[in-house]
Amino acid sequence: IGDHNYSSWSLRPWLALKQVGLPFEEISVRLRQATTKTDILKYSPSAKVPCLIDDETLVWESLAICEYLAEIAPTLWPSERKARAEARAIASEMHAGFPSLRQEMPLDVCASLPYPPLSSEAKADTARVIAIWEDCRRRYGPKGPFLFGHFTNADAMYAPVVFRFQTYCIELPEASRRWSDTMLALPAMQEWHQATAAEPN
């Protein structure tokens, strides 16, 4: 994985592993260093983090890792086919989309910053993320406190946005705020946050 404070992609499968209780060894590589690419290439053929090493199997992309983990721990997707398809759709949308949100609100877990001057594109990205959360909580709220009731890869994929919105003081509607609070209260999310304090700036 990369730095806890900055590596949103590392957080996603790390959180999924933690939530289903699969044991793993964590190897951290400092990002934004002269040796970063060389250091990552020791483990990942893409020269990017995260990378899952399972014996002779390498999986080097966040959503692919989450899919791999779901084959071991099927609860990482909803059991009902329609909900499972929707969870995969919003996870894929997070994986492939929201470029302006990522650029204008970069992950900085430790920081508490004022609401930034956002472009219209970033505002649209933010609104779309909140709309996804609101829709999931409206329809699946009776099943439990997460996006599809119980914790799934969909929650893992949006976990870095929870930190982003906290860092940049983004106001949330009630249902989204309750889900965000649920995520922030997870011991694994708190462990990730606390790990940032031990990292050099």
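**Close-up views of a predicted model**

**View 1. Cys 66 is buried, with a relative accessible area of 0%.** Buried means under 20% relative accessible area, exposed over 50% and partly exposed in between, with a 1.4 Å probe and protein chains only. This is a predicted model, in which local features need pLDDT of at least 70, side-chain atom pairs count only at pLDDT 80 or more, and totals for chains, interfaces and linings use all residues. Residues are numbered from 1 along each chain as its sequence is written, and side-chain values use heavy atoms, leaving out hydrogens and water.

**View 2. The whole structure has zero disulfides, a disulfide being a pair of cysteine sulfur atoms within 2.5 Å.** For Cys 66, the nearest cysteine sulfur belongs to Cys 51, 14 Å away. For Cys 136, the nearest is that of Cys 66, at 16 Å. Cys 136 is buried, with a relative accessible area of 2%.

**View 3. Helix α7 covers residues 153-167.** Helices are DSSP runs (H or I, at least four residues), numbered from the N terminus. Of the 15 residues in α7, 14 are buried. The helix bends by about 35 degrees at Ala 159, with Pro 160 following within four residues; the bend is the angle between axes fitted to the seven residues ending there and the seven starting there.

**View 4. The largest nonpolar core has 55 residues.** Such a core is a set of buried Ala, Val, Leu, Ile, Met, Phe, Trp, Tyr and Cys residues joined through side-chain atoms within 4.5 Å. Its largest share, nine residues, comes from α7. Trp 133, Tyr 158 and Met 183 have the most contacts inside the core.

Note on methods. Helix = DSSP H or I, 4+ residues; strand = E, 2+ residues; numbered from the N terminus. Expected span 1.5 Å × (residues − 1).
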